Amino acid sequence: MLHVAEVAEPHAGPGQIRIAVRASGVTPADAGLRAGRFGTAVPLPHVPGVDAAGVVDEIGAGVTGVQLGDEVFGMVDLARLGGANAEHAVLAGWAPKPAALSWEQAGGAAANVETATRALDLLGVRDGVTLLIAGAAGGVGTVAIQLATARGATVIGTAGPATQDFVAGLGAEPVVYGEGLADRVGKPDAVLHCAGTVGDLVAIAGSPDRVLTISDLSGEHGVRLTHTAAGPGADPQALHGLAIAAELAGKGAFTVPLAGVFPLEDGRAAHELSETGHAHGKIVLVN
Ligand SMILES: NC(=O)c1ccc[n+]([C@@H]2O[C@H](COP(=O)([O-])OP(=O)(O)OC[C@H]3O[C@@H](n4cnc5c(N)ncnc54)[C@H](OP(=O)(O)O)[C@@H]3O)[C@@H](O)[C@H]2O)c1
């Protein structure tokens with residue numbers, strides 16, 4: 001069930017801020033949680049969405065460096081698994097919204113920037129590394145391409161035949177996924193698995209140690225899985241990535257491609273697009 005409803009206004013706790021939301025993101029995990037695919041029970045009513053951009057209208061105890069009225073983008077306290085697709089959202093990690101990103105782009109930026117930053121750090125992606133991203137046209141992939149190339153890495157990105165130019169436009173060398181992939185990608189130093197089959201990627205990398213997955217929860221193939229850190233307070237990892245993405249955006253070296261923009265009231269259509277598994281870029285709800 002997903003429907004528009006009135007719920008109690010959230011308030012910023014210690015170390016948090018509240019924003020009047022202008023735009024917020026929709027992730028595959030939001031739809032998975034809604035559909036019960038993770039076996040995780042959330043208290044109802046549950047407000048989906050883990051990232052948003054908006055105007056600061058409440059500042060929690062102990063928070064410094066931000067004023068009422070500031071424009072920011074960031075993530076909710078992930079222990080709550082949601083709260084962003086609403087009129088007001090409480091953020092636990094944030095950065096100033098760069099003028100170069102529209103509200104829609106900023107609203108859908110934070111979760112994928114945090115995920116991509118965490119993954120690139122774990123894979124040791126830096127200058128001179130060749131990185132293969134499986135699922136390069138998705139929300140995480142499109143962001144990871146740009147953050148990895150900004151580190152000086154060479155990026156190869158798998159995508160469907162229709163999204164090759166899209167992936168190339170973000171700075172990756174595009175390759176079509178599927179049979180024969182190993183012949184098309186050579187021997188990358190590191191592999192980030194967002195979509196597709198992990199087993200093929202282990203064979204391509206030559207070792208499971210070189211592969212990191214964000215989406216294969218099976219534990220098969222011996223590859224590392226990284227989860228978004230949950231817990232109260234601002235996540236230093238997220239802050240680190242958000243500030244870098246904001247700076248890159250200011251230089252014209254980072255953008256958030258939008259797969260679909262829907263009014264907040266039309267969250268259902270946004271979830272349906274996400275569930276196709278073929279959204280290209282980020283899905284966003286606007287207030
Ligand atoms: N662990 C974490 O912290 C974390 C954080 C964020 C997301 N995730 C998970 O990571 C996964 C990716 O997230 P996302 O937001 O990027 O998803 P998404 O935006 O829904 O990804 C859709 C993309 O996947 C591509 N795709 C579909 N099948 C593919 C295949 N076989 N090979 C390569 N690409 C394929 C599609 O490209 P084409 O249309 O060209 O096929 C499409 O662009 C999801 O499962 C999500 O739940 C985990």
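**Notes on the model**

1. Arg18 is buried, with a relative accessible area of 6%; buried means under 20% relative accessible area, exposed over 50%, and partly exposed in between, with a 1.4 Å probe and protein chains only. Arg18 forms a salt bridge with Glu9, and the closest N and O atoms are 2.7 Å apart. A salt bridge here is a side-chain nitrogen of Lys or Arg within 4 Å of a carboxyl oxygen of Asp or Glu. Glu9 itself counts as partly exposed, at 48% relative accessibility.

2. On the basis of the model: this is a predicted structure, in which local features need pLDDT of at least 70 and side-chain atom pairs count only at pLDDT 80 or more, whereas totals for chains, interfaces and linings use all residues. Residues are numbered from 1 along each chain as its sequence is written, and side-chain values use heavy atoms, with hydrogens and water left out.

3. How many salt bridges does the rule give? The count comes to nine. One of them joins Arg37 and Glu275, with the closest N and O atoms 3.3 Å apart. This pair links distant parts of the chain, since Arg37 lies in the loop between α1 and β2 and Glu275 in helix α9 (residues 267-275), 238 residues apart. Helices (H or I, at least four residues) and strands (E, at least two) are DSSP runs, numbered from the N terminus. Arg37 counts as exposed at 51% relative accessibility, and Glu275 as partly exposed at 36%.

4. Glu272 counts as partly exposed at 42% relative accessibility, while Arg268 is exposed, with a relative accessible area of 59%. Elsewhere, salt bridges that share partners join Glu9, Arg18, Asp57 and Glu58 into one network.

5. The Asp216 side chain does make a polar contact with the side chain of Ser218 (2.6 Å). A polar contact is a pair of N or O atoms within 3.5 Å; within protein, one must be able to donate a hydrogen and the other to accept it, and residues adjacent in sequence count only if both atoms are side-chain atoms. Leaving aside neighbours within four places in sequence, Asp216 is in contact (heavy atoms within 4.5 Å) with His193, Val198 and Leu225.

6. Which residues of helix α7 (residues 198-205) are buried? They are Val198, Leu201, Val202, Ile204 and Ala205. These residues lie on the same side of α7 because they cover an arc of only 160° around the axis, the arc being that of the directions from the helix axis to the C-beta atoms. Their cover includes β6 (130-134), α6 (181-185), β9 (190-193) and β10 (211-213). Just after α7, Gly206 takes a positive phi of about 90°.

7. As to the ligand, 25 residues are around it, of which Thr163, Tyr177, Thr226, His278 and His280 come nearest; a residue is near a molecule or strand if one of its heavy atoms lies within 4 Å of it. An oxygen atom of the ligand is 2.4 Å from an N or O atom in the side chain of Tyr177. For the side chain of His278, the corresponding distance to a ligand oxygen atom is 2.8 Å. A backbone N or O atom of Val140 lies 2.9 Å from an oxygen atom of the ligand.

8. A cis peptide bond, with omega of about 0°, joins Leu44 and Pro45, and Pro45 is in the loop between α1 (28-34) and β2 (51-59). Leu81, although not glycine, has a positive phi near 60°; this residue is in the loop between β3 (71-75) and β4 (88-91). His221 likewise is not a glycine and has a positive phi of about 70°.
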